[in-house]
Amino acid sequence: MPVVEVSYSRLQKLVGKASKKQISESLPFLGLDIESEDKDLVRVEYSPNRPDYSTDFGISLGLEGILGIKTGSIKLKIKKSKTYAINVKSNVSKIRPFVTGIVAKNGKIDDKIIKQLMAMQEDLHFGIGRKRKKSSIGIHDLDKICFPLTYTTTDRNYKFIPLNSKVEQTISEILQNTEVGQDYGYVLGNSAQVPIIVDSKDDAVSFPPIINADKTTVTTKTKNLFVEVTGINKGDAEDMLSVVATILQSAGFNLESVNISGARNKTPKLEHRQMSVSPSLINDSLGLTLNNSTIISSLKKSRLDATTSGKNISCKIPPYRFDIFGPMDLVEEVALGYGVEKLTPQLSSSETLGMVNPISSKLKSVSLTMVGLGYLEALNSSLTSKRILFEMTNREPKNPIAVLDSKSQEHTILRDSILPGLLENLSRNIHAQYPQKLFETGTVFFKNDPIDEKTNFAAVWANQDANFSEMKSILQAVLKTGFNLQIETKTATHETFEKGRTASILVDGKTVGIMGEINSNTIENYKIRVPVSGFEITLSGLIFD
């Protein structure tokens, strides 16, 4: 978890009307764990989903609310400007397609503010930005830039003076010789063209997501700032921008818009969003009987806006609070605003003794047998991607269950098969010694109302002499030893398995799975270096109901 060091006296100055004791006692109720205190300094740990707490300005906004000094949401006051613009060229579309930005004027910058801005920038890179892969941010001295800007691409021979350097370097030299280039150059892959932001004089401003130009360095003499964010996802870029805009406004800067145009880009709105929550959900979850007025007051203390809307509470959520996904998040905000210290823990009205679930016992039996046979157990996520689940295994998607508004490109659908995940495990371990034997038991999902969930069991064997007979004997050993079940096989076809070396698995005449040797196309897709055989069966309805 990230940690930030702040000053009690500075927090008191920012919050006003609060003693050091009040602030110290309130910090944990903002979700900020105090790691250490040294006179006026305090080190607090905060959740990565609250990057606004990476500065004392953000923490002071939370303290103002929870202490009742200032309540309600923080509204961004952004003056519309025609002076500042970024024109986006279509050549960035396949590299890093989105850019957004904002201008912050007439602020006072000292060493502490610079240090906090840089810390916030890196925390945003690590969290939302996923180590700059999804999005990255650049903060510049506005007065050193000539607008309008152009977001385009250039080759690796392009030269400019990077941050903290006095020597002009090519893109290739920056990636090879600078620490930040070595750390994040992988984000750009092997593309011959790389993204660049240049001003109206064709001078480099930023080489995202790697480094800024030295000429736009922010110092204590800087009065006006330009913030740019680039990324592969428009929503993530605007989320990142909303945090920075909120903090800069709280630090006393006046915000002005930057007009974005071209290639699927447009000027960000950074607007509040609406979400409703039922008072009964809040009270049932917290064990309270709060009236609507108290709920609204509690939400406002959490720096949200709230009003009564019929039987529900309608909330306005500021753009920087992208950690709020649904009604249960609002329940948590009510608890924080009402006062976690006021909640009284209660024992359950009924007492029961815990015991091992019979299904767990049977799955454990499967695992122990497989381990005894020399297999390693894998544990893959139920969320996967179309690439792994279908494209790599040559399977046609059949009613995939997709996640709404997924924040990850690799975790977008629920799996309907375990085998592709095991093949992905093999592809990531091609440099390890063979043979490689893996198995997994887990839940698979099928579209229905409600969604069908079943427990499957799959295994793979990667080795130069991997074959059908070996996998059949392994499966027979597991089912015979633990459950006294006898399997039969019947010739079958399957997109993932080799034709003529594939069979359906039957128990008491009922088809329960598939086994065989993985075909060459699938092995090539995963870049596995040796033959692979495997199986997958459904345990639900076979060894338990």
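**Helix α7 and its surroundings**

Modeller: The model is predicted. At the start of α7, a side-chain oxygen of Asn 233 lies within 2.9 Å of the backbone nitrogen of Gly 235.

Biologist: What distance separates the end C-alpha atoms of helix α7, and what span should its residues give?

Modeller: Helix α7 covers residues 234–250, which is 17 residues.

Biologist: Is α7 largely enclosed or largely open?

Modeller: A residue counts as buried under 20% relative accessible area. By that criterion 14 of the 17 residues of α7 are buried.

Biologist: Which residue with a positive phi follows α7?

Modeller: The residue in question has phi near 105°. It is a glycine, namely Gly 252.

Biologist: Which element gives the most to the largest nonpolar core?

Modeller: This core has 33 residues, and those with the most contacts inside it are Leu 124, Ile 137, Leu 225, Val 227 and Leu 248. At least two residues each come from α3, β6, α4, β7, β14 and α7. With eight residues, the element that gives the most is α7.

Biologist: Why might such residues be gathered in a core?

Modeller: The core is by definition a set of buried nonpolar residues joined through side-chain atoms within 4.5 Å.

Biologist: Which elements give two or more residues to the lining of the largest cavity?

Modeller: The lining consists of Phe 98, Val 99, Thr 100, Lys 234, Ala 237, Glu 238, Asn 265 and Lys 266. These residues divide into three nonpolar, two polar and three charged. The elements that give two or more of them are β6, α7 and β17.

Biologist: Which element supplies the largest share of the lining of the second largest cavity?

Modeller: The second largest cavity holds about 40 Å³ of space, and its lining is made of Phe 57, Ile 113, Gln 116, Leu 117, Ile 247, Leu 248, Ala 251 and Phe 253. Seven of these residues are nonpolar, one is polar and none is charged. Both α4 and α7 give two or more residues. The largest share, three residues, comes from α4.

Biologist: Where is Pro 148 found?

Modeller: Pro 148 is joined to Phe 147 by a cis peptide bond, with omega about 0°. Its place is the loop between β7 and β8.

Biologist: Where does Pro 450 lie?

Modeller: A cis peptide bond, again with omega about 0°, joins Asp 449 and Pro 450. Pro 450 belongs to the loop between β25 and β26.

Biologist: Is Lys 17 buried or exposed?

Modeller: Lys 17 has a positive phi, near 55°, although it is a residue other than glycine. It sits in the loop between α1 and α2. A residue over 50% counts as exposed, and Lys 17 has a relative accessible area of 81%, so Lys 17 is exposed.

Biologist: Is Lys 527 buried or exposed?

Modeller: Phi of Lys 527 is positive, near 60°, and the residue lies in the loop between α15 and β30. Because its relative accessibility is 61%, Lys 527 counts as exposed.

Notes: Residues numbered from 1 in each chain as written. Predicted model: local features only at pLDDT ≥ 70, side-chain atom pairs only at ≥ 80, totals over all residues. Heavy atoms only, no water. Helix = DSSP H or I, 4+ residues; strand = E, 2+ residues; numbered from the N terminus. Expected span 1.5 Å × (residues − 1). Buried < 20%, exposed > 50% of the residue type's maximum accessible area, 1.4 Å probe, protein only. Polar contact = N/O pair within 3.5 Å; in protein donor to acceptor, adjacent residues only side chain to side chain. 1 Å grid on protein atoms, 1.4 Å probe; cavity = no way out; pocket = protein on both sides within 12 Å on 5 of 7 lines; lining within 4 Å. Nonpolar A, V, L, I, M, F, W, Y, C, P; charged D, E, K, R; others polar. Points joined across faces, edges and corners; volume = space filled by probe spheres on them.
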